[in-house]
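Let's take a friendly walk through some charged pairs and a strand hairpin. Have the structure open as you read.

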Amino acid sequence: MEKTMGLMPTPDAAPDEKAIIEAAEKALADIASVRQAVSRVIFGQEKVVENTLLAILSGGHALLVGVPGLAKTKLVNTLGTVLGLDASRIQFTPDLMPSDILGTEVMDQDENGRRSFRFVKGPVFAQLLMADEINRASPRTQSALLQSMQEYQVTIAGRPYDLPAPFHVLATQNPLEQEGTYPLPEAQLDRFLLQVDVGYPELAAERQILLETTGISDQKAVGVLSAERLIEIQKLIRQMPVSDGVVDGILSLVRSARPGHGNAETDKAVAWGPGPRAGQALMLCARARALYEGRLAPSLDDVHALAEPVLEHRMALTFAARAEGMSVRDVIAGLVKQARS
């Protein structure tokens, strides 16, 4: 109840403000139902579930990075069911072709012998696309997703085809140190709203996994939301106000992560930094996080909490910084510390 208390309207609240508060109350209840439904299937990993949900609530895509066996694929399947989305799955392999993602044209012949081409849609035409082990496919195949993830349509033989709404890509990625992986192109990485690092579960969660998943019965995900309702919540999040102080904080943080913008530590350690999409991601995800926690407006704490998942895949270190054992996370932590001081 403490989280919802902040959403109660004041006696002199304007009609529009009251409507937004009422809509936020409903959205908060729906989000709570989603979290509860997911927790029946995915044990532990609260931060992973939260960040993945924030990406979807913000209307974007998420990249889940972790070693095999950490329930990344199961999480994506569960979210598709719980959110009521039409889902499809692509297993990325080195021999996967762009047409295996987008679809292909086939030739038809009618009863009069006339021939014509017909487009057969590929698995990308879904509301939730699970790109499993996305970094096992070649850069040529990766390019097939660029237009769909940014423009929500694909072009085949010069003709555009709109993708269903909402459209989200949840991709799983194995660490680059493993065999048979390709680094994703920078343009592809930038299209992911968040990078969600999936670590090993805590002891209590791993104990629960052993007990719950090795018996005769297994928990199944159930739908609690519809695609139409998800779109309504996404629109509500875009209506949430953002103060000038938070906007300035976002701009300051993103620009401080770019070399040549007055930050000495960044100039030494960072080869290239985040573009404007990083600021857009922070604006949307900070709003979503505020609603997720029962607030009507984001704060700088939301921005700082989301700095790592938003910036980590949009930066690269210099050779000298890597040789010293630095990581992108170290740089982001330093920038957040400076922003808070």
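## A salt bridge and its network

In this predicted model, glutamate 293 and arginine 289 join their side chains in a salt bridge, with N and O 3.5 Å apart. Arginine 289 has a relative accessibility of 12%. Because buried means under 20%, arginine 289 counts as buried.

Now look at another pair: glutamate 308 and arginine 329 form a salt bridge whose closest N and O atoms are 3.6 Å apart. Glutamate 308 sits in helix α15 and arginine 329 in helix α17, so this pair ties together parts that are 21 residues apart in sequence. Glutamate 308 is partly exposed at 31%, and arginine 329 is partly exposed at 39%. Elsewhere, shared partners link Lys47, Glu50, Arg289, Glu293, Arg295 and Asp302 into one network of salt bridges. The structure holds 16 salt bridges.

Next, find helix α10, residues 227-239, which contains both arginine 229 and glutamate 232. They are three residues apart, about one turn of the helix, and their side chains meet in a salt bridge of 2.9 Å, N to O. Arginine 229 is buried, at 16% relative accessibility, while glutamate 232 is partly exposed, at 45%.

Finally, turn to strand β6, residues 153-156: Val154 and Ile156 make up its covered face, and Gln153 and Thr155 its uncovered one. Strand β6 pairs with β7, residues 159-162, in the antiparallel sense over four bridges. Valine 154 has tyrosine 161 as its bridge partner in β7.

Two residues lie between the strands of this hairpin, where alanine 157 takes a positive phi near 55 degrees.

Conventions:
Residues numbered from 1 in each chain as written. Predicted model: local features only at pLDDT ≥ 70, side-chain atom pairs only at ≥ 80, totals over all residues. Heavy atoms only, no water. Buried < 20%, exposed > 50% of the residue type's maximum accessible area, 1.4 Å probe, protein only. Pairing = 2+ DSSP bridges. Salt bridge = Lys/Arg side-chain N within 4 Å of Asp/Glu carboxyl O.
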